[in-house]
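Here are some friendly notes to read alongside the structure.

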Amino acid sequence: MELFGLLAPAVIVVILVTGAVRGVDIAAEFGKGAMEGLNTAIELLPVLLLVVTAVGFAYRSGALGALGELLEPILSRAGLCGDVVPLALVRPVSGSGALAVYSSIIGELGPDSFAGRAATVLMGSTETTFYTIAVYYAATSLKPGRGVFITSLTADAAGLIFSALTVRLFY
Amino acid sequence: MNILLVTLCAIGLVYSLAAGDVSSLSLAAADSAENALKLWLTVAAAMMLWSGLMRVAEKAGIVDRLCQTVRPLMRLLLRDLPPESPAMKAAAMNFTSNLLGLGNAALPFGLRAMKELETARCSQRTMAAFILLNTASVQLVPMNIITLRAAAGSPTPSDCVLPILFNSLLSLTCGLLAVCAVYSPALSPGKGGKIRNKKPREERAWNYSGS
């Protein structure tokens, strides 16, 4: 598994070496790209502030934990743990919300706890489904049919159900 | 989004009142902004680094190469598109960007692909499959998550790469099966000939609201 620690450095080296070989002005192009990244990040900041506060309310009051415990008996049947429920609920709706919930889960329970790992897998293998569908269909003059929601949410549900299984399988 | 925000705050307030513990809530109100800024710093730094690197990768032709590699897969999933159509190209670029964990770069390609799909008058099934490709979030390099895990103190932050990939492929497969089931009468591909009749009503979902 430690091999994957090499992934990020390897990707960086491959990109830079290929860039150098192909005669790309690395510093200039990197700067332009990083600027775009910074602009996107800055656009994200105000909403993130608000969402983290809201999530902090729900999370630190213990309400989300209680919700997880409430659903625990049902979920443990499927091998899931209640701690990822808040993430599963927020994930399809809001990207910044999911980010806030995810970072509080791995912050409070530890990134390498079972819940932390399940949350990691869930976070990485699902998307802000409703947002994506809305934005993508907004580019067309069509309206998303029911089938689009059914199929995408099926994939999300599968992602949630399999997340615990995946964690057991890999660790 | 409004509903989500209000719900989160309201259940937090109601629950802590009911539990008789308001101190944690006032603490949350006080230091949440600072937490948000710390979180943002982590994410923003990763976003800058990887957006910069990906621009270099694009200029070096690496992204184009990856696009070529994913073409066969795209052809399989979006089967009523001509292989060299602009829709296919945009879809491939979109998928490649997602694969590299670049949601921001993926979006413009995704929107272009949707426009082209509409112009090409492709089936609902193809559109649903394309949306699914985006929402299933298949990633080779989930850099944001690795960064967040490292920031939370994990000694092995990148051991999540394989599980994440595995899980998203699994959920993508389930989604594709759902696509086959929902849109089966129209254009069912050779998925074991498992055609379940679900009344061919989906074609009506087209909505030509003149714009």
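Predicted model: local features only at pLDDT ≥ 70, side-chain atom pairs only at ≥ 80, totals over all residues.

1. On the residue count, chain B gives 96 residues to the contact and chain A gives 93 residues.

2. One to look up is the pair Arg55(B) and Glu29(A), whose side chains meet at 2.7 Å, N to O. There are also 19 residue pairs in polar contact between chain B and chain A, counting pairs with both residues at pLDDT 80 or more.

3. Which elements of chain B give two or more residues to the side that touches chain A? They are α1 (2–19), α2 (23–59), α3 (62–77), α5 (103–119), α6 (124–135), α7 (143–151) and α8 (161–182) of chain B. The largest share comes from α2(B), with 27 residues. Sorted by class, this side of chain B holds 59 nonpolar, 27 polar and 10 charged residues.

4. On the chain A side, helix α7 (residues 129–138) deserves a look. Its buried residues include Thr129(A), Thr132(A), Ile133(A), Tyr136(A) and Tyr137(A). These residues lie on the same side of α7(A), because they cover an arc of only 110° around the axis. As for their partners, the buried residues of α7(A) pack against α8 (146–170) of chain A, and also against α4 (86–99), α5 and α6 of chain B.

5. Now to chain B as a whole. Chain B has 9 helices and 0 strands, and its elements run α-α-α-α-α-α-α-α-α from the N terminus on. Of the 211 residues in chain B, 49% are buried. Taking contacts in chain B between residues at least 6 apart in sequence, 56% join residues at least 24 apart.

6. Most residues other than glycine have a negative phi. Arg121(B) is not a glycine, yet has a positive phi of about 50°. Ser137(B), also not a glycine, has a positive phi of about 55°.

7. Where do these two residues sit? Arg121(B) is in the loop between α5 and α6 of chain B, while Ser137(B) is in the loop between α6 and α7 of chain B. Are they buried or exposed? Arg121(B) has 60% relative accessibility, and because exposed means over 50%, this residue counts as exposed. Ser137(B) has 3% relative accessibility, and because buried means under 20%, this residue counts as buried.

8. Is Arg71(B) buried or exposed? Its relative accessible area is 7%, so Arg71(B) is buried. Leaving aside residues up to four places away in sequence, Arg71(B) touches Pro83(B), Glu84(B), Met88(B), Lys89(B) and Ala92(B).

Definitions and conventions: Residues numbered from 1 in each chain as written. Chains lettered and ligands numbered in written order. Heavy atoms only, no water. Contact = heavy atoms within 4.5 Å. Salt bridge = Lys/Arg side-chain N within 4 Å of Asp/Glu carboxyl O. Polar contact = N/O pair within 3.5 Å; in protein donor to acceptor, adjacent residues only side chain to side chain. Helix = DSSP H or I, 4+ residues; strand = E, 2+ residues; numbered from the N terminus. Nonpolar A, V, L, I, M, F, W, Y, C, P; charged D, E, K, R; others polar. Buried < 20%, exposed > 50% of the residue type's maximum accessible area, 1.4 Å probe, protein only. Arc of directions from axis to C-beta.
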